[in-house]
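Open the model in your viewer and keep the sequence panel beside it. We will go from stop to stop, selecting a few residues each time.

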Amino acid sequence: MSGSMKLSLKLLVDEEKNRVVFAESDKDFVDILLSFLTLPIGTIVRLLGKKSSLGAMDCLYKSVENLDARYFQAAACKTMLLRPNNPSRVQCEGLALRVDDSEPLVYYKCPRKRYNCGFSSVPGARCPCGQVMEVPFVAMNLDGAEGSDGVFVRGGTSFIVSDDLSVKPVSMGASLALIQKLGIEDGSVLAKRNVELGAEEVLSLLKRSLVSKRPLTDLFLQEPDMIDDAENSLKSIMEVIIQTRVKYRSTATDSKRIDVKLFLSKESDKVVYAEAREDLVDQLFSFLTFPLGSILKLLDKHSSLGCIDNLYESVELLSNSYNYMKFKECSDMLLAPKLAPYFGCDNQLLDIGEMCPQTTKVCHKSCFGLPSATITCLHGVETKCSYEMNPKFQTSGTGTGGGFAKEMMTFMVTDEMEVTPLSPISAVSIINKLMVPINSLEEAQASLGEAEVLNLLRACLTSSTVLSDVFSPNLLTLLHERWCGQHPSKSLL
Ligand SMILES: [Zn+2]
């Protein structure tokens, strides 16, 4: 984080109701807000100290932390999930205050200097020569960071940001609309207030944007202990279920599906746990690598998370109606962010693109990380290309795909998204903890296509009883009755 740098912000406050009407700011603050959309879920969980309030994501993250390295495809997989790369990490380096504390331009190379040696964005990946790549180096201009005039939005403009994070170019009309929307008739209750924003406040704002409808008020006007952290849990679980019912039907034809064995308690209408292969675990772990903006795109701006959907809509407006984005690519980075190179995974069913890996130039005199256009190095020696390697491959390579979780393993996934290697003894203790009578347990086979995975993602973000929300036994029966003709007879879905 950029040291003790502070940003100042002007707020218009309704003093009677003690709430922020809007903030007036330049591009710096807006760029920081918009950069939230580039952050992978795993980064958000990590930055918020595993107290993100994002449904079951904290638990999923802790599962990765606790899972022994031998249950992953390669040693670097764990690092990829716990510290996923931000696809716009080079651009975010230009923010006035950086939210993410990872080193954007650091790559890792092999201690040997053979001509076929590669490099990686993840420490601990395997080099083609067999060594572990862990010598950090700063890449020179691999991606070409842009100048200082704004990161995502164009400089020279002022913006107003509403309490629920709608961002618009500054105008009297937009300001009056916000004042009227709050039912303020008497202008004497309005007062101007100057506030300062440091790295700590930006992190609080990130968290509030995911759980609250009024993050600016929470941050600047409330006492910390007056703030309710549990707003998301009020969200109706029925909403998830209704979505589930609507979507199930459309996917009977998915070419690729994930099979899972569920252990249900009909009495309590709960899924106690699931027995899964690496394909489901890969899918779940992949959620940690998804940039927030890509999730809002998948959920069509209906994430029900705080007011982050408004921020996403603001980018659409700023790029379409107002054309305030710096480049067309900036809109794409925020509205449809791709995964960082090699963070995609074969078993992941949702439609998210992956960025192309990097290439750099090396010479045998140890120059490394030279821009790709360099023909001779600093010593005048002829250079050769060096390629970014896929950290998920045990024996290294430049192919995409691969998986995170070890193949041919069986895992247990609890309703809260605790993922562990399958153990009958742990299963019994889970059953006991939930106080479910063992003789009421039933086994069911389910199969997930793209739509079901989307519901799984939604539930992971908003609920701590993920499997029950998505596969509630009553729902299974209902679906079976209604659509059994369209599904394989063996399966309940
Ligand atoms: Zn090597």
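Stop 1: Start with the sequence panel. The donor residues of the zinc ion follow the spacing C-x6-C-x9-C-x1-C. Two of them, Cys117 and Cys127, are ten residues apart and link distant parts of the chain. Cys117 sits in the loop between strand 3 (106-109) and strand 4 (119-120). Cys127 sits in the loop between strand 5 (125-126) and strand 6 (132-133). Keep in mind that this is a predicted model.

Now select the zinc ion and its donors. Which atoms coordinate the zinc ion? They are the SG atoms of Cys110, Cys117, Cys127 and Cys129, at 2.2 to 2.3 Å. The angles among the four donor atoms run from 99 to 118 degrees, and the site is tetrahedral. For comparison, the ideal angle for four tetrahedral donors is 109.5 degrees.

Are Cys117 and Cys127 buried or exposed? Buried means under 20% relative accessible area. Cys117 has 5% relative accessibility, so it counts as buried. Cys127 is buried too, because its relative accessible area is 1%.

**Stop 2: helix 6.** Select residues 172-181, which form helix 6. Colour its buried residues: Ala174, Ser175, Leu178 and Ile179. Look down the helix axis. These buried residues fall within an arc of 140 degrees, so they line one face of helix 6. On the face turned away from that buried side, find the exposed residues Met172, Gln180 and Lys181.

What do the buried residues of helix 6 pack against? Show strand 1 (7-14), strand 2 (19-25), strand 8 (159-162), strand 9 (167-169) and strand 10 (190-197). Then step past the end of the helix. Gly183 follows helix 6, and its phi is positive, near 70 degrees.

**Stop 3: the nonpolar cores.** The largest nonpolar core has 124 residues. Select Phe36, Ile41, Met57, Phe287 and Leu457, which touch the most other members. Helix 15 (residues 450-462) gives this core its largest share, seven residues. Zoom in on Phe287. Among the residues it touches are Ile41, Met57, Leu350 and Val453. Another core, of nine residues, lies apart from the largest one; Leu12, Ile160, Leu178 and Ile184 are among its members.

**Stop 4: Ser447.** Select strand 17 (residues 441-448) and find Ser447 in it. Ser447 is buried, because its relative accessible area is 9%. Which side chain does Ser447 meet in a polar contact? Show Arg257: a polar contact of 2.5 Å joins the two side chains.

How values were computed
Residues numbered from 1 in each chain as written. Predicted model: local features only at pLDDT ≥ 70, side-chain atom pairs only at ≥ 80, totals over all residues. Heavy atoms only, no water. Donors = N, O, S within 2.8 Å, 3.2 Å for Na, K, Ca; no water. Tetrahedral: all angles 85-135°; square planar, octahedral: opposite > 155°, others 65-115°. Helix = DSSP H or I, 4+ residues; strand = E, 2+ residues; numbered from the N terminus. Buried < 20%, exposed > 50% of the residue type's maximum accessible area, 1.4 Å probe, protein only. Arc of directions from axis to C-beta. Contact = heavy atoms within 4.5 Å. Core = buried A, V, L, I, M, F, W, Y, C linked by side-chain atoms within 4.5 Å. Polar contact = N/O pair within 3.5 Å; in protein donor to acceptor, adjacent residues only side chain to side chain. Lists of a residue's contacts leave out its neighbours within four places in sequence.
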